[in-house]
Amino acid sequence: MLFIHLLNSSIKRNTRVYGPYLVATSMLVAINYIFAAISANHSLSNLSSGAVTSSLLKLGTTFILLVTAAFLLYVNNFLWQQRRHEIGLYSMLGMTSRNIGWLLILEKIYLLVISLVAGLVTGVIFEKLAFLGFNRLLQIDHLHQPWIAPWALVKTCLAISGYFIVLMLIDLLKAHRLKPASLWASTTGVPQKHGIFFSLAGCAGIIVLALAYYITLTTKPKVTAINHFMLAVTLVVVGTYLLFIAGSVLFLSFLTKRRHFYYQPRHFIAVSGMRQRMEQNGAALATICLLGSAVLVILFTVLTLYTGIHSTVKSYTPTDITIIGRQPLNGAQKKIIYQTGKAHHATVQNLTTYQATTAQVGYWQGKNFINQGSINHLTTKTSSGIVFVTTATYRRLTGQQTRLTNHQALLYSPAKQRSGKLVVDGHPYQTRALPKLSFAFNPEHSIFSPAFMVVNHLPQGVATMNVTTMNYRLTGGNTKQVAFETDLQPRLGLVNLQFTGAATITALFKELYGGMVFIGILVSLALAITTTIVIYFKQISEGYADQHRFTTMQEVGLSEAETTKSIHSQVLMVFMLPIIGAVINLFFAFPAIRQIMVQLNFYNLPAMVLIAGIITLALLFLYLIIYGLTTKVYQHIVDQD
């Protein structure tokens, strides 16, 4: 009973710490359950993209478990710092190590039970809503989810309980090594002396970040683009920590050595205060910056993919159906098209056939296109492709009465516009850029959406393909359209690369990208919860530290108004640094993400800019709300005697 009384008394005294902690932990438990429950849904295997969606959900589940582990370790360390004086006092009053151990074990069990009960109840309630959202994003109607997933409950309980057992062992080890007498030593901030390695770390942070930004700015739409981006992400993580922990302190130390600048009232207080804050909070601020960056990049990427489905489908097939083959469709195949359409109550329209070369992959060296041949010969240098069509075909399909000489060409290049004198496969052309081309498409569904070059005659020695396009009218929803296309393809005896239906591929992309959006939103929510708690606890830490600073600054002659203004401006500056860093990281990540989007046949740059702007403004707004709410707690602590 004594232990329970002490525990309840401690939690009541520290409500401002335990309350947000339990709310955040419960929400993370709920997110873990939602991921586990949806991942266990067997009807996902019925989707055409079921294997990929299940893999993404498993990846998201693993990531959320890692975020939860990092969150619990961080918060547990903060809770220990808050309670170590209390534990030390118990020891000095005669409580044995065994009793303290039982108290810590009881505390962890208490927090675990509350977190699991609240989190699982919340998860069960909102999991159905989350699944409806998941279903809506995928735009399908044959997925079903039970109200409660027993295995997901067991899995979540085991994972969270395992984390709390680890935290319990950590606390028991700390309690065993605790020396009560050391708790009463002065804890006021003293400027630290930094050696050569600290200076090197600060310089390395700048260099590593500059290298990461250089990689993102120079990334090209090649097979290695994602690898380059992941390398840049790793460098940004390392560089951000080094810059916040060491680089910022070095810069402020540099300002202290500029006597004419430093020894002025407004600069002296601000610089010295900021230096002490950065020494104490550098790692936490870097963490907030990286969490904010992750939220921005994840939401920006998945929302861009999902909103760009229509334009991506258009790059695969500009009409309702596109068919390619070595030979044009024969009379029997055309008859099958009309018969199948009639069976599905579809009216086939605008059936058109033309000839073009197969996509020739390669890469550009200035104005010279190096042709590597078919897609089977691509290398790490490969960055684009070209399809040739004749002027006669261009006039027939577009209605444009264009005349060209043998050394002239029209070029439609969606990834990057090119014009002027170009050399393609050793042949010089005076080229005029086309802003759009109604029949351009990606014949092999590759990551290199080809440019279309209009010339008088197709190049000799290059393989050709016959392209048949058509539209159809069919009353009913997307399900009936997919059924028609799915029925037509095997009747024509065509493999997937030869037959592309707009409705079928739209449904596939909505399943794939919809799953990515769902995972991205839940992951971003988990990261946002973690970020909020980190900010909240840093505000509490700053509040307790600034209690002493208020007294000291008033003792040296500053008025209460001047003291309040100085400290609040420092706190605002410190907590605005992470969000500014996050926005900068997104700004430099944008070019690399765009090149990856180009590989996925998305070229709408204005849409990408709009999405990035909306997400950034939304995060800034939420960040300022969080800062404003947590500042009230900070102000309450500082105002205490």
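1. Val-113 belongs to helix α4, which spans residues 97-138, in what is a predicted model. Val-113 is partly exposed, with a relative accessible area of 45%, and together with Ile-109, Val-117, Val-121, Ile-125, Phe-126, Leu-129 and Leu-132 it makes a nonpolar surface patch of about 750 Å². Because patches take in residues with over 30% relative accessible area, the 45% of Val-113 is in keeping with its place there.

2. A search of the whole structure finds 2 cavities of 30 Å³ or more, and the largest cavity has a volume of about 60 Å³. The residues that line the largest cavity are Tyr-18, Asn-76, Leu-79, Trp-80, Arg-83, Leu-104, Glu-107, Lys-108 and Asp-171. Helices α3 (50-92) and α4 each supply at least two residues of this lining, with α3 giving the most, namely 4 residues. By class, the lining of the largest cavity comprises 4 nonpolar, 1 polar and 4 charged residues.

3. Lys-108 pairs with Glu-107, the closest N and O atoms being 3.5 Å apart, and Asp-171 pairs with Lys-108 at 2.8 Å between the closest N and O atoms. Asp-171 lies in helix α5 (residues 150-177) and Lys-108 in helix α4, so this pair ties together parts that are 63 residues apart in sequence. Lys-108 counts as buried at 2% relative accessibility, Glu-107 is buried with a relative accessible area of 3%, and Asp-171 is likewise buried, with a relative accessible area of 3%.

4. The count of salt bridges comes to 3, and one of them joins the side chains of Asp-487 and Arg-491 at 3.1 Å, N to O. Both residues lie in helix α13 (residues 478-492), 4 residues apart, or about one turn of the helix. Asp-487 is partly exposed, with a relative accessible area of 22%, and Arg-491 is also partly exposed, with a relative accessible area of 48%.

5. The second largest cavity has a volume of about 30 Å³, and it is lined by Tyr-316, Thr-322, Ile-324, Phe-441, Asn-442, Pro-443, His-445, Leu-497, Gln-498 and Thr-500. By class, this lining has 5 nonpolar, 5 polar and no charged residues, whereas the lining of the largest cavity includes 4 charged residues.

6. His-636 is found in helix α16 (residues 605-638) and is partly exposed, with a relative accessible area of 46%. His-636 and Gly-543 are 93 residues apart in sequence, while their C-alpha atoms are 8.2 Å apart in space.

Methods. Residues numbered from 1 in each chain as written. Predicted model: local features only at pLDDT ≥ 70, side-chain atom pairs only at ≥ 80, totals over all residues. Heavy atoms only, no water. Patch = residues over 30% accessible without salt bridge, like charges linked within 9 Å, V, L, I, M, F, W, Y side chains within 5 Å. Areas by Shrake-Rupley, 256 points an atom, 1.4 Å probe, with all protein chains shown as cover. Salt bridge = Lys/Arg side-chain N within 4 Å of Asp/Glu carboxyl O. Buried < 20%, exposed > 50% of the residue type's maximum accessible area, 1.4 Å probe, protein only. 1 Å grid on protein atoms, 1.4 Å probe; cavity = no way out; pocket = protein on both sides within 12 Å on 5 of 7 lines; lining within 4 Å. Points joined across faces, edges and corners; volume = space filled by probe spheres on them. Nonpolar A, V, L, I, M, F, W, Y, C, P; charged D, E, K, R; others polar.
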